[in-house]
Amino acid sequence: MSPIPATIGDFSVLPVLIPSLPSFPKSVVHYIYVRRNAPKVPTADDSRRLFFTNVPVDSTEVHLRSLFTSLVGAGRFESATFEHERKDDNSEAPSDAQPLHAARLLAAHGNKKRKRDDAEEVAERARDEKAARLPKSWTRTLHRSGSTAVVQLADEKSAEQVLKAIGKLHRGGSSSSSKKYPVWPTTLDAKLVPRLGTSWLKAHNVLSYPSKAALQTAIDNFSALFSRREQEAAELAKRLRNEPDENGFVTVTRGAGRTAPASMTEAEEAKRKMLERAEKKKAEMTDFYRFQLRERQKEEQAELVKRFEEDRQKVFEMRAKRGRFVPES
Amino acid sequence: MEPVSAKRRKLEHPISSEEVALVAAASTGLSRSRAFILEAEELLGEVKLSYGTALQGVDDLLHRIKGSIEAIEPHETLRITHAASKLEKKHKIRVPFPEPKPADDSNYKVSFAKPTQFNVVGSYVSKTMIKTQKDHGVDMVVVMPGDIFQDKDYLDMRYFYKRAYYLAVIAASLRKDIESVAQVLFEYLNGNPLCPIISVLPTAKTDDSTAQNSESPNKKTSLDYHVRIIPCSSNNLFPKAKLQLGTALLRRGRAEDAASHPTPFYNSTLAAEGCFLSYLRLLRQVEKKCAGFKSACILGRVWLQQRGFGGDISEGGFGHFEWSLLLALLLQGGDSKGHATLSTSLSGTQLFKALIQFLSVTNFGEKPCALGAAVLEQEHAADAGPVLFDSTRQLNLAFKMSSWSAALIHHHAKWTRSLLNNNAADQFNPTFILKTDAPLQNFDLVARLNYDNTPKQTTEDECRGRAWAFSNKLYRILRRALADKELGERARLIYIQTPRHPSWPLTNSSSPPKNQVMEIGVLFDSVNMARTVDRGPPAGATAEEKEECNKFRRFWGEKAELRRFERDSIRETLIWSSTSTFEICEEIMRYILGLHLRIGVAGSDLSFYGNAFSSLVPFKPTDLGVFNAARKDFSVFERDIRDLEDLPLHVRRIAPICPELRHSSVKPPSFGSSKSGPQPMDTVISFEASGKWPEHLIAIQRTKAAFLLMIGNLLEKSKPGHIRTHIGLEDAQCESENVCFLDVIYESGASFRLRIQSDLEETLLERQVKDRSLDQHIRTRATTLLATFRRFYTHLPLHTQSISTFVTRFPALSPSIRLLKHWFNAHKLSCHFTQDFIELAALRVFLLPYPWDAPSSATTGFLRTLLFLAHWDWRSEPMILDTSGEMTAAERKAIETRFQAWRKIDPGINHTVLFVATGHDGTGVAYTTVDGQAQPSKVAATRMTALAKSACRLIKQEGVTVDPRRLFVPSLKDYDVLIHLSSKATKSILKTYPTDDPSRDDEEGSGLTKSRFKNLDERTGQDSLPLVQHPAAVFLDQLNAAYSGSLVFFRGAPDDATIGAIWNPQMQKRTFRVNLPTSYKPAVEQSGEEEIMVEVNREAIVAEIARLGLDLIERIDVKGE
């Protein structure tokens, strides 16, 4: 057997030995592919970060930490971010929720939301988010098979060392090499990592029913946040009402005069009604003149012929599939 | 260019004749019937037999036969026994005398003279044979000269004795002359034991044909055919008046009263003997006059053949010959005034439809039907069985039929007619293509009777064979027992399948083979059959009433007893102890047959089939009650919520959406199982429209959660101690999905899961879908969410409602659905199919039951659904179910168009696999798409079709004796990976308590803490938490999410402990890239490959699954290890 390649492209191949379990008594090798982190938008910490792909589905930070300890010794590993955790950032967070009309106003006015870069605002946001978040129903989430992770190490040197250590694994005889492979930790302390299997599923069922008080708090926090946003939006609307934009137009906003502009739902309703009325009027005018009647009859005849043609076509197609017309025996 | 006037322009564009024809053809009728005509034409072309090649050498053989017969030496009169023994001595031929054989001392005289005429008759001459026929027979009639008979020969079988002798002489000569090329056998003409005939089977091909065969060995040039030689009499041998149906012609050796008993079968057979040539002439005439006649005959032959009818007595006695005669007579002059009933200008399909109409309207099994200007003598015809009287030739065409075969053909004709009237259904396939003679698919109950063991009874009445006499008696008893009008007909149809009489060699005498079985099929009236108490005639004082009671007692024996009912009426009563429809029927049949015919007593000679399927799912008669109780609990729940006073909004509707609340879960809803936490039944609630919902999806979800919390608290307050509620979190992927549900658990054990519908949510999602300015992924997600929303809050409530309605309309629907779901479970398919789809598939055979009518038992319902699934070509056909009963043609058209559009944009069938549209949902994907994924996927759908096909094949091959368990055995060897779950571990998850600490580990936690908790639970009487979902299902969801690309998992019922999985064959060796769809390993390098390839690391994936399951998984089997 030819040896496993040490690198594929710019990825180093990290073989990990998976110990056997009673239900599948066979030890196998899993391959993680590692390279230096090189995102499209570089950040300052890229030099001490490693990009992992094809991490095992049950990976946690604890797992990776232990893996690094066996590779380069303790103290090098700092943190790990998994694929779906990063994705969460993009998706809507509850604290982002704001009334639709506010969002529309902002968008329409070209007044991009201020970048809230200052640390205080970020912290506040995080706090809001945390308070409004619903309780989790899993002790541990799984990753999609073949997914990625970014690992942050203590310093740039550690990253170098890790890559070197991976390279080292591939040296030496192919037969003995698998013994040198780091072992995937399966017997971690349950205090560090919640166990999978029965207790995991059991915990899920328990966690799926959070205490009513906790849930109520989360919902209340969210409502408070949401109404604050609504408030802000109202204020913004008020401000915009008095402020012409660069073209000199004043935006029509909610609550301007005594007769407020209708909500979106009302507007849609009105439109539907109008269409209905138009439809009705149209229906009254059909078959009014003789030529309309004649034309309709002609159309019907044409339709009939068309359908006949279609039927013929269909039968013809069915004939192409052999055996459709032979009685079963 | 010259300007032309408007008139001129018109003239210049005359409509071509082709166009005119097209318009004419198009305006003949509705689209469906046009398609039917076109398809029938295709069928005619397809089944057409090419006579030249298929029946090669027939003419030659016929000539040789004719020559051989003509060369026979005539001889003078001899005494019959003498002549017979001479024949036996000389040629070793046993004369096939009908029973009873002539006595040794009888001095009837027989002689032989040259036949007056030879003629080839039947479908060979009219060229109406088809390819798919079972056997191709060429009929040759030999007209016996009149002078070998005497005037009184119509009496006492004398004619048939002489005929048998005549036949034996011909047989002797034929054997001598054509033994080299053909085998000569005796058989009965259409199973009629009075009429033996000679059957000539060509054995080896003649020399030149073998030479041809060797030239083209692959091409089968000729079919198996046989020539039947039928001796018959000339038309006017006996006066017709003597052969009336009501006369008694078997007199000798009988008691006085028996001698005057009419012998209609004997008389009709005798009359039929003289009619061969006259019917041949009739058919030729009609053929000439009516262009569509021949194709109508072929269509009729196919129709009869697919339903198992044939001219043979054992096949019902109504075959192609009878079909064409009936049609010819109707074309010639059917009504009493001699006018033609049908016009000769009708086309083949129109004639076919007309005859189906005739058969469905004329119940000639019950009421004699005369064709032509004759009036039947009613009193005699009444007990003659089915009568179709040809008044010109004074013959009952249906004399070979029995009452039950007439009833069966009547039913089939009715079903076909209702199909042909239904423009929405596919008319062609059920009419001609489907083979519908499998007894288990046809009948609700099939019993097999081994009648060799039955006590012999002397058959006085007719020389029609013991089997017939016996089955006739059987039928009369069963009919009285099961289809008595006074008691309320339990059975819609009773059919008896008698065994066929095989042909036998010349040297033997005919003897029916041993160990013959008779099959009795019963079609239930599902409401009446479920009755356990039969109320007979009232016991009164008048003589009439007494007579009635006596009759009742005589028939029912000891079972009849007097009982007093409400309003002081005292009646003769029958009480049956069984509970299910099938068992009641079995009990009645066993009792009554044992009483009157002394069969079934030992138990071995009467066996019942058809119930075994439903006994696989433990159907209990109490199930219906349990389902109804669940519905009742639901209405209590609904009332409790509506009664809440402090709700800010009015409740508009609370609707159930789960199978338990529509009578269609495999197991009836069970409350308060001690082993598992409550498994709540899904319901949805909607409120009056309100403008107060926040205009944001996430905010709506949170508001809903707050609402649920409030409902929970109010409910607990309104009935303290009786209700407890838990608010649960959905396993939601994003915040704009539904995030919460409320579980309401009653003290009685009933539990419900409530979700809130908010109209604004739908509007917002619709807006997102339409908004082109949004990101593509947001719009895609909105589309999915919208579909899920509609599924939960629109389709499922409507579906539950309509299934509940249909369950009450069709009593057999609920058990059929449950049996079908059990089948899906057994084959580990149910995780790929929505429950509602399976229900709709079963509902289909009730709404579009063709070629039958709606099933009346679980077995037929289930088997016919399998037949439908096996035949459904979902790649090119949508399934359209008119659940509301008011779907218009335009709607159907729109659905069809939508289906075509789906197939056009997705020719690989990856996104929309099964297309199911109902009256509630025209989109076609509501029942087969869940969370934006096709349910089932193409793989699962293909597997379903394959499994249904093999099940149908098994039923066809094995007949009624099929072991039903074999249909439910999953083939585990098809899976690449088998994950065996530990049932002990699964059970331990079923019950959890709010006090369980999720971070604590059970395995490592000491036994002390465990027992402490156990004590606590017992002491405080704390109730367990409901189950979010069955743990195995939760685990499967996690696996599916992690390995969506590489593995396809299969799992059945919740208690199914084995998960099967197959590797996605599309995951091949590939080049490396960053976002791999699953776990890959570097492939072993091969010389010559430039790039390093990676392949799926299957072992590592399996090891991962083992790690995820830990103690939940007992063992993982990998194929090939």
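View 1. At 0% relative accessibility, B:Arg163 counts as buried, where buried means under 20% relative accessible area, exposed over 50% and partly exposed in between (1.4 Å probe, protein chains only).

The structure is a predicted model, in which local features need pLDDT of at least 70 and side-chain atom pairs count only at pLDDT 80 or more, while totals for chains, interfaces and linings use all residues. Residues are numbered from 1 along each chain as its sequence is written, chains are lettered from A and ligands numbered from 1 in the order in which they are written, and side-chain values use heavy atoms, with hydrogens and water left out.

**View 2. Salt bridges of chain A.** The side chains of A:Arg36 and A:Glu160 meet in a salt bridge at 2.3 Å, N to O. A:Arg36 lies in strand β3 (residues 28–36) of chain A and A:Glu160 in helix α5 of chain A, so that distant parts of the chain, 124 residues apart, are linked by the pair. Both residues are partly exposed, A:Arg36 with a relative accessible area of 29% and A:Glu160 at 40% relative accessibility. A second salt bridge joins A:Glu78 to A:Arg48, with 2.8 Å between the closest N and O atoms. A:Glu78 lies in strand β5 (residues 77–82) of chain A and A:Arg48 in the loop between β3 and β4 (49–53) of chain A, so this pair ties together parts that are 30 residues apart in sequence. A:Glu78 counts as partly exposed at 37% relative accessibility, whereas A:Arg48, at 19%, counts as buried. Over all chains, a search of the whole structure finds 60 salt bridges.

**View 3. Two surface patches of chain A.** A:Lys164, A:Lys168, A:Arg171 and A:Lys180 gather in a patch of positive charge on the surface. Patches are made of residues with over 30% relative accessible area and no salt bridge, like charges being joined within 9 Å and nonpolar side chains (Val, Leu, Ile, Met, Phe, Trp, Tyr) within 5 Å. A nonpolar patch on the surface is formed by A:Met285, A:Phe288, A:Tyr289 and A:Phe291, with about 450 Å² of accessible area together, computed by the Shrake-Rupley method with a 1.4 Å probe, only the protein chains shown counting as cover for residues. A:Met285 lies in helix α9 (residues 264–285) of chain A.

**View 4. An open sheet in chain B.** Three strands in the order β8-β9-β10 (chain B) make up an open sheet with mixed pairing, two strands being paired if DSSP finds at least two bridges between them. β8 (369–371) and β10 (395–396) of chain B stand at the edges, each with a single partner strand, so one side of each is left without a neighbour in the sheet. Strand β9 (residues 388–390) of chain B runs antiparallel to β10(B) and is joined to it by two bridges, and B:Asp390 stands opposite B:Leu395 in β10(B).

Note on methods: A salt bridge is a side-chain nitrogen of Lys or Arg within 4 Å of a carboxyl oxygen of Asp or Glu. Lys and Arg count as positive and Asp and Glu as negative; His and the chain ends are not counted. The place of a charge is taken as NZ of Lys, CZ of Arg, CG of Asp or CD of Glu. Helices (H or I, at least four residues) and strands (E, at least two) are DSSP runs, numbered from the N terminus.
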